[in-house]
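Biologist: Could you walk me through reading side-chain contacts in a model? I would like the general idea and then the case at hand.

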Amino acid sequence: MSLVWKLLRQHISVPQFVGFAVANLVGMCIVLLGCQIYFDVVPVLTGADSFMKTDYLILSKAVGTGSTISGRSNAFDNSEMEELQRQPFVKRMGRFTTSAYKVDGRMGVAGTEVLNTELFLESIPDAFVDAASKDWHFSAGDREVPIILPRSYIAMYNFGFAQSRRLPKISDGLVGMIDLRIFVRGNGRKEMFKGRVIGFSNRLSAILVPQSFMDWSNARFAPGQQTETTRVVVDAVDAGSEKVTKYIDRKGYEVENGQLEAEKTTYLLRLMMATVMVVGLVISTLSFYILMLSIYLLVQKNTTKLENLLLIGYSPIRVAKPYQWLTILLNVSVLLLAWVVVIVARHYYMGIIGTLFPDADGGSLMSAMLLGLSLFGVVSVFNMVAIRRKIVSIWKRKE
């Protein structure tokens with residue numbers, strides 16, 4: 001094949017093949033990155049909450065301009081609670097209880113104070129919290145309170161404070177690094193408790209404490225004060241059914257459910273990734289035609305030489321091999337470069353995802369690798385078949 005190659009390579013246009021390689025590389029990178037980003041991001045968005053089941057609905061009343069101006073409360077009254085409890089889709093229901101006293105908090109990480117502000121505590125019946133009883137327990141006289149933090153708090157710390165101060169990032173496995181002090185004031189008393197963080201939740205907007213602590217502390221620091229129920233948690237049968245949705249819409253309730261928002265985001269992500277991958281495939285298809293045009297022009301320039309080679313006994317397969325190997329070499333180079341680009345880009349964006357979601361699973365590059373191999377195989381086979389058919393057409397014409 002070396003002699004044949006030396007004879008046929010004289011009319012190769014380097015700019016044409018470079019143009020093909022660049023266009024194919026761009027298309028391949030777009031397709032592979034779109035695929036890899038999708039498989040890396042979707043599990044993060046749709047991951048289940050560690051402490052609250054996805055079947056639980058957190059309901060609240062919508063706050064509108066009218067209620068704000070009139071000063072009308074957005075709390076649930078007893079009749080509304082009883083009506084909700086009677087609905088056939090409700091298996092059980094619990095109230096969110098809020099603290100009726102003043103709470104200040106100081107949070108430190110690795111000896112550095114990162115938070116010093118007024119806090120807002122809330123609780124729900126322990127049956128709705130998926131935590132071990134030995135971890136989620138408080139008795140009167142204890143100076144340590146188990147706590148579940150909103151994951152948004154940790155995302156802000158990891159992405160902002162820790163990033164700028166070069167402090168260690170916090171994940172579920174490193175909750176022991178958090179030093180949280182809670183200062184409670186009310187009824188002429190002032191006491192300090194140590195908050196023991198047991199984890200984070202995607203579905204909370206305030207710090208969650210055990211119901212036993214909330215009942216004890218409200219009675220001790222705010223005796224006689226009644227807190228309104230502005231939110232309820234519902235263990236629903238088929239939470240996504242049309243019956244449940246219609247009831248919630250009819251009553252004007254809002255669903256505070258990160259899972260529903262994640263599903264919307266996931267749908268938009270799928271749509272965006274599909275669009276991006278279609279664009280990448282179009283670019284790859286155009287690059288394929290650029291390559292085939294270059295090969296056909298090269299074959300056309302070497303038609304006389306090819307005819308002579310075929311006449312002296314060279315088979316069409318042997319004559320086509322130099323061009324086939326050239327296309328395969330170009331495709332392999334593009335695939336390897338595309339993999340390198342995907343690895344570098346993934347290392348960058350996974351660093352950002354890891355900062356926002358420290359417990360996000362790193363996943364693997366298998367999806368991008370397999371897709372790249374599939375595209376390489378399809379394009380190479382088409383290239384080889386097209387080149388062979390072109391050579392055979394010259395051979396048949398001479399016959």
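This is a predicted model: local features need pLDDT of at least 70, side-chain atom pairs count only at pLDDT 80 or more; totals for chains, interfaces and linings use all residues.

Modeller: Gladly! Let us start with a salt bridge: the side chains of K251 and E83 meet in one, at 3.2 Å from N to O.

Biologist: Are K251 and E83 buried, exposed or partly exposed?

Modeller: K251 is partly exposed, with a relative accessible area of 27%, and E83 is partly exposed too, at 23%. Now look at D235, which forms a salt bridge with R92, where the closest N and O atoms are 3.2 Å apart. D235 lies in strand 11 (residues 231-236) and R92 in strand 2, so the pair ties together parts that are 143 residues apart in sequence. Here D235 counts as buried because its relative accessibility is 9%, under the 20% limit, whereas R92 is partly exposed at 29%.

Biologist: Which residues are linked with R92 in a network of salt bridges?

Modeller: K91, R92 and D235 are linked in that network. R92 has another contact as well: its charged end sits over the ring of F128, 4.7 Å from the ring centre.

Biologist: Since we have come to rings, how should I read an aromatic pair?

Modeller: A pair of aromatic rings is described by the distance of the centres and the angle of the planes. This structure holds ten aromatic pairs. One of them joins F89 and Y247, with 5.6 Å centre to centre and 65° between the planes, so the pair is edge-to-face, as the angle is over 60°. F89 lies in the loop between helix 4 (78-86) and strand 2 (90-95), and Y247 in helix 7 (residues 242-251), so the pair ties together parts that are 158 residues apart in sequence. F89 counts as buried at 5% relative accessibility, and Y247 counts as buried at 3%.

Biologist: What is the geometry of the pair formed by F193 and F213?

Modeller: F193 and F213 are edge-to-face, at 5.6 Å centre to centre with 80° between the planes. F193 is in strand 9 (residues 189-201) and F213 in helix 6 (residues 211-221), so the pair ties together parts that are 20 residues apart in sequence. Both F193 and F213 are buried. They also belong to one aromatic cluster, formed by Y101, F138, F193, F213, W216 and F221.

Biologist: Back to helix 4: which of its residues are buried?

Modeller: The buried ones are E80, M81 and L84. They cover an arc of only 100° around the axis, which puts them on the same side of helix 4. The face turned away from that buried side carries the exposed residues N78 and R86.

Biologist: One last feature, please: what should I look for in phi?

Modeller: Most residues other than glycine have a negative phi. N187 has a positive value, with phi near 60°. N187 is found in the loop between strand 8 (178-186) and strand 9, and N187 counts as partly exposed at 47% relative accessibility.

How values were computed. Residues are numbered from 1 along each chain as its sequence is written. Side-chain values use heavy atoms; hydrogens and water are left out. Rings of Phe, Tyr and Trp (its six-membered ring) pair if their centres lie within 6.5 Å; planes under 30 degrees apart count as stacked, over 60 as edge-to-face and the rest as tilted. Helices (H or I, at least four residues) and strands (E, at least two) are DSSP runs, numbered from the N terminus. Buried means under 20% relative accessible area, exposed over 50%, partly exposed in between (1.4 Å probe, protein chains only). A charge sits over a ring if NZ of Lys or CZ of Arg is within 6 Å of the ring centre and within 35 degrees of the ring normal. The arc is that of the directions from the helix axis to the C-beta atoms. A salt bridge is a side-chain nitrogen of Lys or Arg within 4 Å of a carboxyl oxygen of Asp or Glu.
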